[in-house]
Amino acid sequence: MQNEEIIKRINQLLIEEIEIDEVQISPSADLKKDLGIDSLDFVDLFVIIENNFGFKMKAEEMSDIKKLDDFYNYVIRRVHSN
Amino acid sequence: MNRVVITGMGIYSVIGKNLGEVKNSLYEGKSGIIFDPVRKEMGFRSALTGIVERPVLKGFLDRRMRVGLPVQGEYAYLATIEALNNAGIDAAFMERNAVGILYGNDSSALPVVESVDILRKKKDTMMIGSGYIFQSMNSTVSMNLSVIFKFRGINFTISGACASGSHAIGIGYLVIRQGLQEVIVCGGAQEINPESTASFDALNAFSIRESEPQKASRPFDRDRDGLVPSGGAATVILESYESAVRRGATILGEIVGYGFSSNGEHISLPNVDGPVAAMQLSLKEAGMDASGIDYINAHATSTIAGDENEAIAIDQIFGKSRPLVSSTKSMTGHEMWMGGASEIVYSMLMMNHHFVAPNINFDNPDEATARLNIASHTIPCEIRAFLSNSFGFGGTNSSLVIRKING
């Protein structure tokens with residue numbers, strides 16, 4: 001899967017599944033402060049990511065993921081390493 | 001001791017999605033029972049059930065508020081919205097005052113089944129998601145609604161089997177009477193799905209009159225053959241008389257007695273003494289004589305033993321005054337954890353609209369039920385005060401006495 005495709009799919013899932021307002025989506029958006037994604041939403045993201053990208057997110061790897069850009073890069077890295 | 005009044009009600013029932021629809025159904029004697037082919041395919045002995053339309057709350061509640069809310073929480077949310085509107089209680093009031101919630105619920109089977117099914121299939125709890133734990137707990141309704149409505153008062157769920165909703169109102173009455181709270185959202189909720197009733201069907205307790213679903217629930221009738229499971233949610237706003245008057249609320253009625261007891265005998269077979277004790281206590285608390293009760297909303301679920309014992313108990317106390325009696329379960333089926341609260345809503349609608357709803361399907365009495373003054377048709381009349389019974393597994397009994405407000 002190409003990087004742009006991955007980013008597009010992540011955005012689509014955030015809008016459809018987590019119901020984030022499309023207007024808020026931007027790479028520099030802070031996941032918690034701007035997008036309102038809290039710890040419980042992360043639990044749901046684990047499920048959504050595994051169902052859509054075929055890998056398991058790990059709670060230990062989330063501490064450095066603060067902005068949406070960080071999340072894109074994390075998913076891209078995990079997809080390519082699988 | 002404070003006086004306790006009802007200032008709002010709301011309902012999401014198999015006989016109507018709001019008070020207006022329910023009032024009409026009660027007056028017309030309309031049934032909400034169907035035959036569900038899915039239950040038959042699954043292997044149920046009885047495929048009869050009450051049915052409601054699944055609410056659509058997307059657009060009304062944000063995702064976080066919906067994710068942890070099971071289906072009976074959705075029913076309770078809608079019933080509570082109607083009740084709060086009815087009571088004229090808005091977000092500003094709830095910000096200034098610590099409103100509490102005491103809701104009746106005694107199961108949340110479907111979310112448990114679904115989450116464990118995911119675990120068995122995926123062998124990974126990380127695939128279960130964030131909502132199921134909150135959906136799975138018995139306290140799911142009070143838990144979720146207190147967050148959605150930002151309640152800051154008393155907050156828990158009352159589980160007393162088929163008397164849950166009634167006990168929730170009873171305990172709410174005691175808390176307000178004691179002066180610990182001024183407003184409490186009380187009610188009862190019941191999930192409707194095969195997963196929660198399969199083990200109940202295993203007791204051979206349900207009616208198998210599957211060829212005539214709307215005639216299957218026939219409390220007190222000689223040819224009754226079992227109950228029909230049902231569900232939904234009902235909310236009743238309890239308030240201190242002083243608070244209601246202070247804010248100019250419309251008072252729908254006054255709760256004057258709550259009586260309770262336990263049978264101390266069989267886990268599922270009812271007796272006579274327990275219900276008699278609960279009814280007597282409620283009348284004593286109300287400072288009323290049996291003759292002050294114009295209508296009894298019976299528990300009667302359309303079981304052979306249960307209806308008989310309740311008829312004997314009612315006759316023991318009310319044999320002289322013979323108030324009108326009906327079981328609205330004839331129309332709704334057995335709403336279980338919701339029943340005690342919904343039957344207060346149904347009785348309040350009758351009291352405020354001057355009629356007694358029929359005990360439909362009452363074609364022939366038996367020896368015990370012949371002693372009662374059963375309304376087999378709608379009867380336009382005045383109700384000064386009514387008594388509502390709810391009894392449950394484990395021999396838990398609840399009786400509530402409510403009367404018209406007299407200032």
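Strand β1 (residues 4-12) of chain B has nine of its nine residues buried, so the rest of the structure largely encloses it. Buried here means 20 or more other C-beta atoms within 10 Å of a residue's own, with C-beta atoms placed from the backbone; strands are DSSP runs of E, at least two residues long, and helices are runs of H or I of at least four, numbered from the N terminus. All of this comes from a predicted model, where local features need pLDDT of at least 70 and side-chain atom pairs count only at pLDDT 80 or more, while totals for chains, interfaces and linings use all residues. Residues are numbered from 1 along each chain as its sequence is written, and chains are lettered from A in the order in which they are written.

β1(B) has antiparallel partners. Eight bridges join it to strand β7 (residues 232-240) of chain B, and three link it to strand β8 (residues 253-262) of chain B; pairing takes at least two DSSP bridges between two strands. B:Ile6 bridges to B:Leu238 in β7(B) and to B:Gly253 in β8(B).

Helix α8 (residues 140-148) of chain B is mostly covered too, with seven of its nine residues buried. Among the buried ones are B:Val141, B:Met143 and B:Leu145. The buried residues of α8(B) pack against elements of chain B including α4 (71-87), β4 (100-104) and β6 (183-190). After α8(B) comes B:Lys150, with a positive phi near 60°.

As for the interface, nine residues of chain A are in contact with seven of chain B, contact being C-beta atoms, placed from the backbone, within 7 Å.

Key:
Two residues are in contact if their C-beta atoms, placed from the backbone, lie within 7 Å. A residue is buried if 20 or more other C-beta atoms lie within 10 Å of its own, exposed if 12 or fewer, and partly exposed in between; C-beta atoms are placed from the backbone.
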